[in-house]
Amino acid sequence: MPHQLHRSIFLPCNLIPFIRMREEFIQSRAMEKSLHSYLFIALLFVFYVISFSLLSLTKASTVGFSAELIHRDSPKSRFYDSSLTSFRRFQTASPLASSKVFSDGIEYLMNISVGTPPFSTAAIVDTGSDLIWTQCAPCLDCYEQKPPLFNPGSSSTYGVTLCQSKLCRSAKGTSCHSGLCEYAASYEDGSYSRGILGTDKITLSTTTGHPVSFPGIIFGCGYKNRGTFTGDGSGIIGLGAGTFSLISQLNSSFGGRFSYCLAPRDSHGSSIIHFGDHAVVSGNGVVSTSITVLSPSNYYFMPLRSFTVRPTRQRLGENSSLPEDFQFHWNGNMAIDSGTTLTFLPTRVYRRLEYSVSAAIGLKRVADPLKFFNLCYRDRKEFPYPNITFHLDGADLELGQTNSFLRRSRDVVCFAFAPSKINMGILGNMAHTNFLVGYDLIEKTVSFKPTDCEQHRLSFDV
């Protein structure tokens, strides 16, 4: 049997160091790859943690919050006069006018702070306005107000807007003076505000007791302001659809959602406003309809199709019993305005509604003691207040006594709707009371839920 040959490999001695170097190189490369893998995994972990944190912050920023609203005549108002009766408080409000749409001084205020350090004041919450503004010192021609004036020179975070800025050039109603961007805001009743457009930190009080601050908010520093403002607050917090409103500027934080619940003017509690996820309106009794924004007013308009004062229903638009000159915009003809007290309708439409209400009540009329309202009655026990239903697209909004009648003296109540010479309707804040009213600007809807707003506010106390 032949011998098995075993081959051995012999390497020259001078090649052995090179082999060892190669093996060490391979080992080092393997360790380097392993280190890179560990680093890659670590970086992925860090990226995940940062992403999760940012996502959490984003979610936290859109959760939202709630803030208190105080009626001018509420006992919680810093300007409340306990010596006045409820109808006397109405009498001390600004004068009414029948030809134009406006807030008559029965408004809802929100406490805000401006600047650094925070300067506390109060302003009217107004869904019919696009701008945030406050009266500023030194004031050249201003209405008399009870709170002190904001002095922008005392705020370390205040900044003016220059004429050449993109902001000033793109904004409506602005002009230039001495290199600064000036604004001019006017309202349907002839009231106006003029001043300098600037930026500063705005701080809002919340129902949790933890204020929230928003830096760089665009607002107007008013130096010339006149009109029907009562002086209980200083300026306006615009919640309308325009670029400079609070809602538009904080849209990314609030997700385009806000809601409020306004307690009646003679209640002893305060009202509330919600932003972000807190603003969702849901549950039994909710009715929703579409809203649209019509330039240049930037009001939120909803489509009113007809109204009913049982048993009579009046349809709007074509082939209706209403006058042909009543040219409602069909997609949105009824503005929702928290800064206006009464509900206004074009004159001929109002007359049809007044006739229906008068027929439903069936009592003898009396004169308005303050000589403004057309339809007034002597109050009595079990007064037959009629329910008025506004039929919207996909929703029936039923207005009760507090939404449509107002006490004018100890024994006289009046129908709190009024005629207007403009071809649009205005749903004023009396019609909002005891409804949770929610706006979703992404879905373009407004929702109404019958709610005891005084109790709703108490549910958010800490």
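**Entry 1: a buried histidine**

I count a residue as buried when its relative accessible area is under 20%. I keep in mind that this is a predicted model. I looked up H391 to begin. Its relative accessible area is 8%, so H391 is buried. I found H391 in strand β23, which covers residues 388–392.

Next I asked which residues H391 is in contact with, leaving aside its neighbours within four places in sequence. I listed P303, L304, R305, S306, F307 and T308. R313 and D396 complete that list.

**Entry 2: a buried phenylalanine**

I moved on to F344. I placed F344 in strand β20, residues 343–346. Is F344 buried or exposed? Its relative accessible area is 1%, so F344 is buried.

I then checked F344 against M424. The two are 80 residues apart in sequence. In space I read 8.2 Å between F344 and M424, C-alpha to C-alpha.

**Entry 3: disulfides**

How many disulfides does the count come to? I noted six. I took a disulfide to be a pair of cysteine sulfur atoms within 2.5 Å. I looked at some of the pairs in turn.

I started with C163 and C176. Their sulfur atoms are 2.2 Å apart, so I take the pair as a disulfide by the 2.5 Å cut-off.

I went on to C261 and C453. A disulfide joins them, with 2.1 Å from S to S. The pair links distant parts of the chain, 192 residues apart. I found C261 in strand β12 (residues 257–261) and C453 in helix α8 (residues 453–458). The angle about the S-S bond is -80°, and I noted the link of C261 and C453 as left-handed. C261 and C453 are both buried.

I then took C376 and C414. Their sulfur atoms are 1.9 Å apart, and the two form a disulfide. Here too the pair links distant parts of the chain, 38 residues apart. C376 is in strand β22 (residues 376–378), and C414 is in strand β26 (residues 412–415). I read 105° about the S-S bond, and the link of C376 and C414 is right-handed. Both C376 and C414 are buried.

With the bonded cysteines of the protein numbered in sequence order, it reads 1-8, 2-3, 4-6, 5-7, 9-12, 10-11.

**Entry 4: aromatic rings**

I turned to the rings. The structure holds 26 aromatic pairs. One of them is Y377 with F383. I read 5.7 Å centre to centre and 55° between the planes, and the pair of Y377 and F383 is tilted. Both Y377 and F383 are buried.

Which residues form one aromatic cluster with Y377 and F383? I noted Y350, Y385, F390, F405, F415 and F417.

I also looked for a charge over a ring. R194 lies over the face of Y192. The distance from the ring centre of Y192 is 4.3 Å.

**Entry 5: the partners of β9**

I traced strand β9, residues 192–204, and its pairings. Strand β2 (residues 108–114) runs antiparallel to β9, and three bridges join them. There I found V114 opposite I202 of β9.

I checked β6 next. β6 pairs with β9 over two bridges, in the antiparallel sense. V160 has G198 in β9 as its bridge partner.

Then I looked at strand β8, residues 180–186. Five bridges pair β8 with β9, again in the antiparallel sense. Y183 stands opposite G195 in β9. β8 and β9 form a hairpin, with five residues between the strands. In the turn I noted G190, which has a positive phi of about 95°.

How many bridges pair β9 with strand β10? I noted 12, in the antiparallel sense, with β10 covering residues 212–226. Within β10, K224 is the bridge partner of R194.

Definitions and conventions. Residues are numbered from 1 along each chain as its sequence is written. This is a predicted model: local features need pLDDT of at least 70, side-chain atom pairs count only at pLDDT 80 or more; totals for chains, interfaces and linings use all residues. Side-chain values use heavy atoms; hydrogens and water are left out. Helices (H or I, at least four residues) and strands (E, at least two) are DSSP runs, numbered from the N terminus. Buried means under 20% relative accessible area, exposed over 50%, partly exposed in between (1.4 Å probe, protein chains only). Rings of Phe, Tyr and Trp (its six-membered ring) pair if their centres lie within 6.5 Å; planes under 30 degrees apart count as stacked, over 60 as edge-to-face and the rest as tilted. A charge sits over a ring if NZ of Lys or CZ of Arg is within 6 Å of the ring centre and within 35 degrees of the ring normal. Contact means heavy atoms within 4.5 Å. Two strands pair if DSSP finds at least two bridges between them.
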